[in-house]
Amino acid sequence: MSAVAQSPSPASEARAAQRTSQILTSDPVVLTAMLASVGLYYYVPTLVPALIGIVSFFLLAVYRPDLGLVLVPLAAPLFYRQRGIPLPLPGRDSDLFFPAAEVLLGCLAAAWLVRDGWPFARTRHLPWLPTMFREPWVWLGAVFAAIGLLWLFVAPVPEGDRSRVALREFRWTVAEPVLFLLLMLRWLTTERDLWRMAAAWLIAASLVSREGIEQYLYGQATVMEGVGRATAVYPSATAFGIYAGRALPLALTLAIFLPRDWRLWRWASAALALVIGAGVIVSFTRGAWIGVFAAMVVVAVVTRHRWLAAGLGVAILAGLAALPFIRIERITSMFDFNTEDNTGVARAKIWTAAARIIRDNPFTGIGQDQFLYADPRYGVPQMRFFTTSHPHNWVLDFWLRLGIPGLLWLVAALVFFFRTSLSLCRRWAGTALGALALGLLASMVDFVVHGLLDMAYFTMDLALTFWLTVGIVALLARLRPHEPVPEPNN
């Protein structure tokens, strides 16, 4: 007898189609497609593939804006490696350059308009809008954006590039980071969303740190003060150290304080902390070392964690004991105040010059990104091999760029952030969310401490990192213990 092939039943075909649909629309597959589309845009030099990549990402972002947001912290460190777009514009013989994160935010904003624009046009009502306007974080961002917009008029009347750089800095460090916050508050609502964003940040920092470690091990680091300083994807080792140092306290805190049943996350956080920490070390950014140490001291104080406190104490004693035997100029130069290249001497000169400018412009400052163009009579030092384009102190920096209102805004924002994050640490004590809130608090401590010595905010990667930290805390504040997590309001 010959066997007769039986065709699949309609029910089995339906189940197979459903399984296929579930696989194709699952988070890993959609996120992989987004990464592929962005990679097509970023790495293929010709125009047509770049446009295909961007259009593909936009369509995927319309479908899953919550997943699209994950790529923003992944792209943030590429701020200094912008992709040129060869647009055939009349009178222009060079490519247009945009940060990758800026392109992604543009696509996500357009996707937001598509998803919410049509329902609003039909009903004149968006159910999520009243809730969002009750968010204090939204008003925090709105006030900052308003100050930045007003302070565009503080920059000098067009004189060469001075007004253009002010507008560019507003776009990169004020408008687009605030847009990032609003996108987070609109589309991220579940606990999984929070962890996904935190993981993206730490993965990005570890990938950047891995490149820095490779530079150091293969002798490709920039030699300065007798030691190779890794730069990774950044133009300077200090910029690399600032970025990596902002992520390290979060990774360390998660590795130490996540509950035992979060074993996979604990081991992953520890591995990421090891890589990021090695990156911070080989950057030889001393301010990053100080900032991370101060952040972990605060964590030890808040949690009263004896073993962490003991470890930090041992680290201090070991450092002091080893100091007489260290022959690395990059470290010993901190204590040599007889040379102008000493960090303390250089910072003092920069701060003194900034104070002179503030004395003549006490309320308004001088506008966004104008420190580089300050009148030579103020004595802004241009020493060693770098150009002094910022005052290396967040108090002076916000004061100069955004005047007294900008400085007061930052102080108020930091106070509100620390109060909220401490409250969340108590609310979620002993849980994974409590560890996350504690790690975000530690990262902001690094912002405050390291920012007293270096750039703190006014580059796009640092601005996005600041608002990512604020945004995750804002989303944590929405959750309530023993209540189901609200689902996205699509």
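Which helix does Ser37 lie in, and what is around this residue?

Modeller: First, the ground rules. This is a predicted model, where local features need pLDDT of at least 70, side-chain atom pairs count only at pLDDT 80 or more, and totals for chains, interfaces and linings use all residues. Residues are numbered from 1 along each chain as its sequence is written, and side-chain values use heavy atoms, with hydrogens and water left out.

Now the residue. Ser37 belongs to helix H2, residues 27-43. Helices here are DSSP runs of H or I, at least four residues, numbered from the N terminus. Ser37 is buried, because its relative accessible area is 6%; buried means under 20%, with a 1.4 Å probe and protein chains only.

What does Ser37 touch? Leaving aside residues up to four places away in sequence, Ser37 touches Gly53, Ser56, Phe57 and Leu60. Contact means heavy atoms within 4.5 Å. Take Leu60: Ser37 and Leu60 are 23 residues apart along the chain. Their C-alpha atoms are separated by 9.2 Å.

The side chain of Ser37 also reaches the backbone oxygen of Met34, at 2.7 Å.

Elsewhere, look at the largest nonpolar core. This core has 131 residues, and Phe466 is among those with the most contacts inside it. A nonpolar core is a set of buried Ala, Val, Leu, Ile, Met, Phe, Trp, Tyr and Cys residues joined through side-chain atoms within 4.5 Å. Helix H19, residues 460-478, gives the largest share of this core, 14 residues. Phe466 touches residues including Trp409, Met444 and Tyr457.

Terms used:
Helix = DSSP H or I, 4+ residues; strand = E, 2+ residues; numbered from the N terminus. Buried < 20%, exposed > 50% of the residue type's maximum accessible area, 1.4 Å probe, protein only. Polar contact = N/O pair within 3.5 Å; in protein donor to acceptor, adjacent residues only side chain to side chain.
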